[in-house]
Amino acid sequence: MKNKNLFILSLLIFVTLNVYLFVEAPSPLPEYTGKGAIVYSVEDAFRIVAMENNVVRRLYTKEIVGEGIKRNFKFDEHWRNESIEAGPLPALFLRSVSSNLEKHSSPLGVFLGSDYPISPSNKFSGKQQNLFNQIRKDRLPKFFFDDDTKRYTAMFPDFASTITCVNCHNNHKDSPKRDWELGDMMGATTWTYPSDSLSFQEVQEMVNAYRNGVEQTYLLYLSEVQGFKQRHKPEIGSKWPKDGYYIPELKSFMDSVNIIASPYTLSYLLSLK
């Protein structure tokens with residue numbers, strides 16, 4: 001316990017001195033080895049990265065998509081097509097993050113599924129559908145070992161947190177359900193990892209991998225905006241859509257992610273006994 005308290009104190013000091021923790025991937029902290037080594041359960045690690053994801057998805061959905069639509073910004077499921085000048089819908093943003101995670105050294109995996117998905121490939125089946133039925137009842141995450149993939153898995157409920165999500169799913173031509181309301185549980189974010197325990201460095205690598213996926217996806221969005229041929233396209237800089245016809249640059253977006261998410265991450269680490 002003494003080693004763990006010293007470790008958490010060191011982490012607190014480290015976060016205080018480096019606001020950009022995880023975003024710029026600082027040099028790894030010394031690893032504890034031997035007796036007294038600090039180990040985190042994969043469930044704890046899943047909860048940390050799920051909190052990070054909740055922050056990113058809410059920030060992007062509310063401040064970029066929601067506010068952007070008010071400025072007539074376009075967001076489309078086919079946003080990568082050259083003929084379409086639009087950004088990714090929230091679900092497509094996470095899908096791109098997932099694709100970037102597959103290229104990272106961390107073995108973390110993520111995907112968004114539902115029992116009423118717009119894309120049939122995202123529909124739950126088998127054991128995951130049974131667990132999702134339980135989540136619908138108690139709205140609590142589920143943790144299990146998947147015998148098919150041989151990976152530890154966590155399913156976290158995904159809610160319609162903004163009217164943007166509701167309107168998109170209710171109005172989409174391929175949507176199997178058109179009566180969604182704000183606050184409804186629309187699906188579940190599923191995380192996978194091959195080990196049941198992680199060192200602090202592995203947890204840090206997991207968060208770095210997720211944030212790197214967010215960075216790469218957001219950069220891709222900015223690249224799309226820069227290529228718009230329309231006469232009046234959003235200006236990329238320090239301002240956000242709520243300020244006018246603007247899109248925040250990468251640093252502004254990731255700074256906001258860090259400012260909101262890091263205290264939650266640290267608080268959870270401090271709560272572990």
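The dialogue below takes up charge pairs, aromatic rings, a pocket and a few loop residues in turn.

Q: Before any feature is read, what kind of model is this, and how are its residues numbered?
A: This is a predicted model, in which local features need pLDDT of at least 70 and side-chain atom pairs count only at pLDDT 80 or more, while totals for chains, interfaces and linings use all residues. Residues are numbered from 1 along each chain as its sequence is written, and side-chain values use heavy atoms, with hydrogens and water left out.

Q: How should I read a salt bridge, and how many does the structure hold?
A: Side chains of opposite charge can pair when their charged atoms come close. Here the term stands for a side-chain nitrogen of Lys or Arg within 4 Å of a carboxyl oxygen of Asp or Glu, and the structure holds 10 salt bridges. One of them joins Arg211 to Glu52, with the closest N and O atoms 2.7 Å apart. Arg211 lies in helix α6 (residues 200-226) and Glu52 in helix α2 (residues 42-70), so the pair ties together parts that are 159 residues apart in sequence; helices (H or I, at least four residues) and strands (E, at least two) are DSSP runs, numbered from the N terminus.

Q: Are Arg211 and Glu52 buried or exposed?
A: Buried means under 20% relative accessible area, exposed over 50%, and partly exposed in between, for a 1.4 Å probe and protein chains only. Arg211 is buried, at a relative accessible area of 1%, and Glu52 is buried as well, at 0%.

Q: Which partner does Asp115 have in a salt bridge, and where do the two residues lie?
A: Asp115 pairs with Arg136, the closest N and O atoms being 3.0 Å apart. The pair links distant parts of the chain, since Asp115 is in the loop between β2 (109-113) and α4 (126-138) and Arg136 is in helix α4, 21 residues apart. Asp115 is buried, with a relative accessible area of 12%, whereas Arg136 counts as partly exposed at 32%. In another salt bridge, Asp174 meets Lys173 with closest N and O atoms 3.0 Å apart; there Asp174 is partly exposed at 41% relative accessibility and Lys173 is exposed at 64%.

Q: How are aromatic pairs described, and how many are there?
A: A pair of aromatic rings is described by the distance of the centres and the angle of the planes. Rings of Phe, Tyr and Trp (its six-membered ring) pair if their centres lie within 6.5 Å, and planes under 30 degrees apart count as stacked, over 60 as edge-to-face and the rest as tilted. The structure holds 12 aromatic pairs. The rings of Trp191 and Tyr210 have centres 5.9 Å apart and planes at 65 degrees, so this pair is edge-to-face. Trp191 belongs to strand β5 (residues 185-193) and Tyr210 to helix α6, 19 residues apart, and the pair links distant parts of the chain; both Trp191 and Tyr210 are buried.

Q: Which residues do ring pairs link into a cluster?
A: The cluster is made of Tyr60, Phe75, Phe93, Tyr218, Tyr221, Trp240 and Phe253.

Q: Where do charges sit over rings?
A: The criterion is that NZ of Lys or CZ of Arg is within 6 Å of the ring centre and within 35 degrees of the ring normal. The charged end of Arg80 sits over the ring of Trp79, 5.5 Å from its centre, and Lys177 lies over the face of Tyr116, at 5.6 Å from the ring centre.

Q: What lines the second largest pocket?
A: Rolling a probe the size of a water molecule over the atoms shows where empty space is left. On a 1 Å grid over the protein atoms alone, a cavity is a set of points where a 1.4 Å probe fits but cannot get out, and a pocket is an open set with protein on both sides within 12 Å along at least five of seven lines; lining residues have an atom within 4 Å of a point. The lining of the second largest pocket consists of Met51, Asn54, Val55, Arg58, Leu59, Lys62, Glu63, Ile260 and Tyr264, and α2 gives the most to this lining, with seven residues.

Q: What is the phi of Asn72, and where is this residue found?
A: Asn72 has a positive phi of about 70 degrees although it is not a glycine, and its place is in the loop between α2 and α3. Asn72 is exposed, with a relative accessible area of 55%.
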